[in-house]
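Subject: Structure handover

Hi,

Here is the structure for you to look over. My notes come after it.

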Amino acid sequence: MTFKEVIYSRRAVNFFDPDKAIPPALLNEMIETAARAPSGFNIQPWSLIVLNEQADKLRLQKHAWDQPKVSEAPVTLIVLADTEGWQPGNTFLEKNFNELVGSGAMAMEQREWFDNACASLYGASEARKVAFACKNAGFFAMSLMLAAKSLGLDTHPMDGFDIDAVRAEFKIPDNFWIPLLLSVGYFKSDKELMPPKWRKSVEEITVRFDQ
Ligand SMILES: Cc1cc2nc3c(=O)[nH]c(=O)nc-3n(C[C@H](O)[C@H](O)[C@H](O)COP(=O)(O)O)c2cc1C
């Protein structure tokens with residue numbers, strides 16, 4: 001598949017074949033491929049809860065507008081965005097700083113500058129923290145959808161769910177925002193895909209406010 005074929009054939013599919021499981025190696029490949037997504041300072045403030053047990057998916061579905069695809073898909077992912085991922089002491093922040101120093105991209109003496117830059121860019125307010133977490137996790141989620149398509153899998157992103165209820169149900173710590181759920185599987189062959197949806201034109205997308 002060319003990149004354009006992947007982009008144009010990815011759809012939010014409503015019907016998954018509940019009898020067609022995703023081979024674990026394929027799911028791993030999808031996640032590993034998506035993990036090439038970029039992130040600010042390469043902090044990668046994303047995590048996934050992988051639900052493939054029917055009972056778990058049903059626990060999620062009851063807080064997700066009872067959308068049947070949550071449990072019909074062989075796998076539904078809870079995408080997590082760490083609003084505190086930029087904080088000194090965070091496991092991956094520390095790993096990342098060590099990698100930056102190890103690769104020569106940064107010197108140990110730049111640690112204070114690095115911490116201050118992260119705090120002012122990502123931690124200046126609650127809104128900034130959520131923006132930091134969700135923009136990066138959003139790139140990751142988009143990569144998951146495209147990686148899935150390129151591997152012959154279909155997906156459906158959802159923000160139709162009760163974030164507080166999902167947090168409580170799966171004991172998700174407060175530092176995580178939940179930008180979306182993502183069902184993954186195989187399109188049910190006896191169902192029909194809706195025609196492609198409209199998109200804004202280039203003219204509608206490009207704007208200026210200073211003229
Ligand atoms: C962040 C996000 C949340 C969405 N939430 C839902 C949802 O809860 N339920 C649903 O049926 N579709 C949901 N969608 C699917 C969109 O309606 C769909 O992507 C859009 O209409 C474009 O269709 P396409 O993805 O097939 O091109 C969501 C999509 C995104 C990106």
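Predicted model: local features only at pLDDT ≥ 70, side-chain atom pairs only at ≥ 80, totals over all residues.

Overall fold. The protein has 9 helices and 4 strands. From the N terminus, the order is α-α-β-α-α-β-α-α-α-β-α-β-α. Along the principal axes, the C-alpha atoms fill a box of roughly 60 × 45 × 35 Å. Of the 211 residues, 31% are buried. Take the contacts between residues at least 6 apart in sequence: 80% of them join residues at least 24 apart.

Sheet. The 4 strands make an open sheet, ordered β1-β2-β4-β3, with antiparallel pairing. β1 (46-51) and β3 (154-158) are the edge strands; each has a single partner, so one side of each lacks a neighbour in the sheet. From one strand to the next, the twist averages 25 degrees. β3 and β4 (residues 176-185) are joined by 5 bridges. In that pair, P157 sits opposite L182 of β4.

Helices on the sheet. α3 (residues 54-61) lies across β1, β2 (75-82) and β4, at about 115 degrees to β1. α7 lies across β1, β2, β3 and β4, and runs at about 5 degrees to β4. After α7 comes G152, with a positive phi near 85 degrees.

Ligand. Its surroundings are R11, A12, Q67, P157, M158, D159, G160, L180 and K197. By class, that shell holds 4 nonpolar, 2 polar and 3 charged residues. P157, noted above opposite L182, is one of the residues around the ligand.

Best wishes

Key: Residues numbered from 1 in each chain as written. Near = placed C-beta within 6 Å. Nonpolar A, V, L, I, M, F, W, Y, C, P; charged D, E, K, R; others polar. Helix = DSSP H or I, 4+ residues; strand = E, 2+ residues; numbered from the N terminus. Buried ≥ 20, exposed ≤ 12 C-beta atoms within 10 Å, placed from the backbone. Contact = placed C-beta atoms within 7 Å. Pairing = 2+ DSSP bridges. Axes fitted to C-alpha atoms, helices over the stretch in contact; angles between N-to-C directions.
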